[in-house]
Amino acid sequence: MDSHDFRLEHRFLTRRQLLGRVGMGFGALALGDLIGAGAAQAAPASPFAARQPHFEPKAKRVIHFFMNGGPSQVDTFDPKPMLDKYDGKPLPNLLKTERPTGAGMKSPFAFKKYGECGLEVSDLFGRTAAFADDLCVIRSMQADVPNHEPSLGLMNCGESRLHRPSFGSWVTYGLGSENQNLPGYISMCPKGMPTRRTKNWQSAFLPSIYQGTYINTENSEVDKLVEFIKNSSLDLRQQRRQLDLLFALNEQHLKQRENDQQLDARIQSYELAYRMQMEASDAFDISKEPEYVRQAYGDTDFGRQTLIARRLLERGVRFIQLWTGAGQPWDSHDEILDHQRLAKDVDRAIAAFMHDMKQRGLFDDTLMIWGGEFGRTPSVELPTPGANAGKQRGRDHNHYGFTCWLAGGGARGGYTHGATDEFGFQAVEKPVHVHDFHATLLRLLGFDHERFTYRYAGLDFKLTGVSDCSVVKELIA
């Protein structure tokens, strides 16, 4: 007869528990103690506890201005005077494009030189161009295919087809965060989600706690920006008692399901949500900023989220990604003049952000990234069913050569790297594949991309995959 009370969980044993109780009990106990002691020494108290990378990092935090849809390089940061000569005429030696394209189309935007470095920028980004001597412009970027979904996967996760962790998840996994009361990785996008939705900031097989936290910045009120940030029924002390009970129940449940990352992430998310109540309300409340600062950023979705991003970075958030809107706003198949409307808000907000970061002494160790998933063709897109309304003033997708730029965080300011051909179609000098781009970004953050791995399913995975890529040393100051 049993001498203790019946408990249901005693009737079910895992294979490890069974072996541990049959003949090897003391050995398993000793091994568990050794493993537990080692884990206690090696593991930080919080999954977001700040950690040191392989090398001394040049950048401590990241902001990624993501121009989803694919901005045109020949209309922004890569001027091509030959397009004026070939406007309305066939372009020679073009590679295959996703859709039929016709004659060359000159840029409707004027370019001029800025800064001591003489960087040529179109009037779409005239305010950002005031910081030309801080910009590291890469005019020879390359992706794999001219399609949004795989190119978004490549740029965000280093893999165009398979389920892989995002760059932001890798960074927060490797560095942790400097503020335990806010998410380490935040992705902001107004009016919904971009194409590919949550896959853009997924943690995949990394612990779920490192997935990006999505915020719809269409709302301007704090309580709507971060839903349920305050509990209207319970005060903080009552919530703490409730949370402690929930934590105890979850911990007991977790012990019976060893290494369940999703359950562990849920426990962590409850704790983080509790801690966020005071910190997040303050961080997201831009009404506390002076009027002249809010005016500098602009009273637009992108302006507000950029100002919020600055406040979050100041408070120790490690990685922030800012999207220009739901879907793919820069996907100008029909009318390239749409770039003007998009760039107006982005240009103003980025310039205000860079000015603020310099004033606050945060510019040099904040890595700023600008770009999309690919660029656009220098030739006009021809009308096709469901893709072009027939104006013939738009450009198709182009992965052969496009532009991204870096600033701060150890990037080489006042420098232009590589070049596309005379029409701006494909990279012909110092090409930089997205994998090379990621390897370089990791190096600025203090990581050797070859050694920065995570073991999953018996393999050591890394952001740069198995590609033959390398750090582009010319991009580093």
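**Helix packing, sheet and cysteines**

Tutor: Helix H10 (residues 301–314) packs against helix H11 (residues 338–359) at an angle of about 20°, and their axes lie 9 Å apart. This is a predicted model, in which local features need pLDDT of at least 70, side-chain atom pairs count only at pLDDT 80 or more, and totals for chains, interfaces and linings use all residues. Residues are numbered from 1 along each chain as its sequence is written, and side-chain values use heavy atoms, without hydrogens and water.

Student: How are H10 and H11 oriented to each other, roughly parallel or roughly antiparallel?

Tutor: Angles under 35 degrees count as roughly parallel, over 145 as roughly antiparallel. H10 and H11 are therefore roughly parallel, and their crossing is right-handed. Contact means heavy atoms within 4.5 Å; among the residues making it are Phe302 and Arg310 of H10, and Ala349 and Phe353 of H11.

Student: What is the order of the strands in the open sheet?

Tutor: Strands of a sheet pair through backbone hydrogen bonds, either parallel or antiparallel. Two strands pair if DSSP finds at least two bridges between them. Here the order is E2-E10-E11, with antiparallel pairing. E2 (101–104) and E11 (395–398) stand at the edges with a single partner strand each, so one side of each has no neighbour in the sheet. E2 pairs with E10 (residues 375–381) over two bridges, and Thr101 stands opposite Glu381.

Student: How many disulfides does the structure hold?

Tutor: A disulfide is a pair of cysteine sulfur atoms within 2.5 Å; the structure holds zero. Cys157 is buried (under 20% relative accessible area), at 2% relative accessibility, and Cys189 is buried at 0%.

Terms used: Helices (H or I, at least four residues) and strands (E, at least two) are DSSP runs, numbered from the N terminus. Buried means under 20% relative accessible area, exposed over 50%, partly exposed in between (1.4 Å probe, protein chains only). Axes are lines fitted to C-alpha atoms, for helices over the stretch in contact, and angles run from 0 to 180 degrees between N-to-C directions. Angles under 35 degrees count as roughly parallel, over 145 as roughly antiparallel, 65 to 115 as roughly perpendicular and the rest as oblique. A crossing is left-handed if the near helix is turned anticlockwise from the far one by less than a right angle, and right-handed if clockwise.
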